[in-house]
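Colleague: I would like a close look at a single part of this model, and a plain account of what surrounds it. Please take it step by step.

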Amino acid sequence: EYFQKSLRLNPDNVDAMNNLAVVYFNTGREEDGKKLLTQSLNLDVHYQDTLRLWGIYYYRHNDFERANKILAESLFYDPDNAQAQQLLSRGQLKPVR
């Protein structure tokens, strides 16, 4: 509810979109989560948190090629992101050079 209220007050708040998307993913509302991440990315195509969340989404759906590409892009904007680094360091994913 907090993130929904935040979006009512500021519909372009990408942090609130991303946080609500995570809530949706964790509660089985995957399509709603995907819509929010798409909106967030449309507002800022370089926002590393949105890219990271898309990478995690694809990783969890075994689309390692897409996950690799997106997580590597997120690291370009935030090279110290431990979660993206961890996923890329696993055997299935390799950093893009």
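In which loop is G28 found?

Modeller: G28 belongs to the loop between α2 and α3, where α3 covers residues 30-43. Please keep in mind that the model is predicted, not determined by experiment. G28 counts as exposed because its relative accessible area is 66%, and the cut-off for exposed is over 50%.

Helix α2 spans residues 14-26, and helix α1 spans residues 2-9. The axes of the two helices come within 9 Å and cross at roughly 145°, and the crossing is left-handed. On the side of α1, the contact is made by F3, Q4, S6 and L7. On the side of α2, the residues are A16, M17, N19, L20, V23 and Y24. Sorted by class, this contact has seven nonpolar residues, three polar ones and no charged ones.

Now take a residue of α2 that is absent from that list. N18 sits in helix α2, and N18 is buried because its relative accessibility is 1%, where buried means under 20%. Setting aside neighbours within four places in sequence, N18 is in contact with L37, S40, Y47, D49, T50 and L53. K69, by comparison, is 51 residues from N18 in sequence and 19 Å from it in space, C-alpha to C-alpha.

L53 turns up again in the lining of the largest pocket. This pocket holds about 210 Å³ of space. Its lining consists of V22, F25, N26, E30, R52, L53, I56, Y57, R60, H61 and Q83. Helices α2 and α4 (48-60) are the elements that give two or more residues to this lining, and α4 gives the most, with five. By class, the lining divides into five nonpolar, three polar and three charged residues.

One of the lining residues is R52, which lies in helix α4. R52 is buried, because its relative accessible area is 13% and the cut-off is under 20%. Not counting residues up to four places away in sequence, R52 touches L71, S74, N81 and Q83. Q83 is also in the pocket lining.

The phi of N62 is near 60°, a positive value in a residue other than glycine. Most residues other than glycine have a negative phi.

The last stop is helix α5, where L75 lies. L75 is buried, because its relative accessible area of 17% is under 20%. Residues up to four places away in sequence aside, L75 touches N81, A84, Q85 and L88. N81 is also touched by R52. From L75 to R60 there are 15 residues in sequence and 18 Å in space, C-alpha to C-alpha.

Definitions and conventions: Residues numbered from 1 in each chain as written. Predicted model: local features only at pLDDT ≥ 70, side-chain atom pairs only at ≥ 80, totals over all residues. Heavy atoms only, no water. Axes fitted to C-alpha atoms, helices over the stretch in contact; angles between N-to-C directions. Helix = DSSP H or I, 4+ residues; strand = E, 2+ residues; numbered from the N terminus. Left-handed = near helix turned anticlockwise from the far one by under 90°. Contact = heavy atoms within 4.5 Å. Nonpolar A, V, L, I, M, F, W, Y, C, P; charged D, E, K, R; others polar. Buried < 20%, exposed > 50% of the residue type's maximum accessible area, 1.4 Å probe, protein only. 1 Å grid on protein atoms, 1.4 Å probe; cavity = no way out; pocket = protein on both sides within 12 Å on 5 of 7 lines; lining within 4 Å. Points joined across faces, edges and corners; volume = space filled by probe spheres on them.
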